[in-house]
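Subject: Structure handover and findings

Dear colleague,

I am passing on the structure below for your files. Please read the notes after it alongside the coordinates.

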Amino acid sequence: MSTLVVVAGALIEQGTLLVAQRARPPELAGCWELPGGKVAAGESDARALQRELLEELGIEVSVGARLGADVALSETATLRAYLVTRTGGVLHPHDHRALRWVGGADIEGLDWVPADRAWLPDLTGLLQG
């Protein structure tokens with residue numbers, strides 16, 4: 001049985017982190033997350049993240065180091081985050097309700113998608129570092 005991998009990108013610019021507010025599904029609508037999506041069969045994590053961020057946000061990125069540990073979404077799905085650097089494009093929420101830049105002091109106060117909460121200590125450290 002193969003495991004579905006979902007990738008998320010942490011884009012940090014000028015000391016702030018880009019977060020995206022989900023529009024769906026209903027139980028997660030309004031919650032904030034690191035944007036990303038599913039890795040397709042035969043696709044690398046980096047390629048999937050580049051494709052997803054172009055589709056969802058309209059930006060081109062280079063994919064850097066892993067962020068924190070994998071998060072189990074279910075018995076067959078894993079969530080994995082990477083640091084990303086914008087290399088082109090114009091930021092626009094194609095697939096989200098809203099986008100927001102937040103600083104280290106603002107991270108804990110957001111209503112996060114439960115799975116992404118695992119990375120809050122890492123993200124806070126990066127933003128305050």
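Predicted model: local features only at pLDDT ≥ 70, side-chain atom pairs only at ≥ 80, totals over all residues.

Residues are numbered from 1 along each chain as its sequence is written, and side-chain values use heavy atoms, with hydrogens and water left out.

Salt bridges

A salt bridge here is a side-chain nitrogen of Lys or Arg within 4 Å of a carboxyl oxygen of Asp or Glu. The count by this rule is ten. Helices (H or I, at least four residues) and strands (E, at least two) are DSSP runs numbered from the N terminus. For accessibility, buried means under 20% relative accessible area, exposed over 50%, and partly exposed in between, with a 1.4 Å probe and protein chains only.

Arg86 and Glu13 form one of the salt bridges, at 2.7 Å from N to O. This pair links distant parts of the chain, with Arg86 in strand β6 (residues 77-89) and Glu13 in strand β1 (residues 4-13), 73 residues apart. Arg86 is partly exposed at 27% relative accessible area, and Glu13 is partly exposed at 23%.

Arg80 and Asp70 also meet in a salt bridge, at 2.9 Å from N to O. Arg80 is in strand β6 and Asp70 in strand β5 (residues 59-72), so the pair ties together parts that are ten residues apart in sequence. Arg80 is buried at 18%, whereas Asp70 is partly exposed at 35%. Glu55 is partly exposed at 48%, and Arg51 is partly exposed at 22%.

Strands β5 and β6

Two strands pair if DSSP finds at least two bridges between them. β5 and β6 run antiparallel and are joined by nine bridges. They form a hairpin with four residues between them, and Leu67 stands opposite Ala81 in β6.

Thr78 also lies in strand β6 and is buried, at 16% relative accessible area. Contact means heavy atoms within 4.5 Å. Leaving aside neighbours within four places in sequence, Thr78 is in contact with Thr3, Leu4, Val5, Val6, Asp70, Val71 and Leu73.

Nonpolar cores

A nonpolar core is a set of buried Ala, Val, Leu, Ile, Met, Phe, Trp, Tyr and Cys residues joined through side-chain atoms within 4.5 Å. The largest has 20 residues, of which Leu17, Leu34, Ile107, Trp112, Trp119 and Leu123 touch the most other members. At least two residues of this core come from each of β1, β2 (16-22), β5, β6 and α2 (120-128). Not counting residues up to four places away in sequence, Ile107 touches Leu17, Val102, Trp112, Leu120, Leu123, Thr124 and Leu127. Another core lies apart from the largest one and has 13 residues, among them Val7, Val39, Leu57 and Val61.

Charge over a ring

Arg100 lies over the face of Trp32, at 5.6 Å from the ring centre. The rule asks for NZ of Lys or CZ of Arg within 6 Å of the ring centre and within 35 degrees of the ring normal.

Regards
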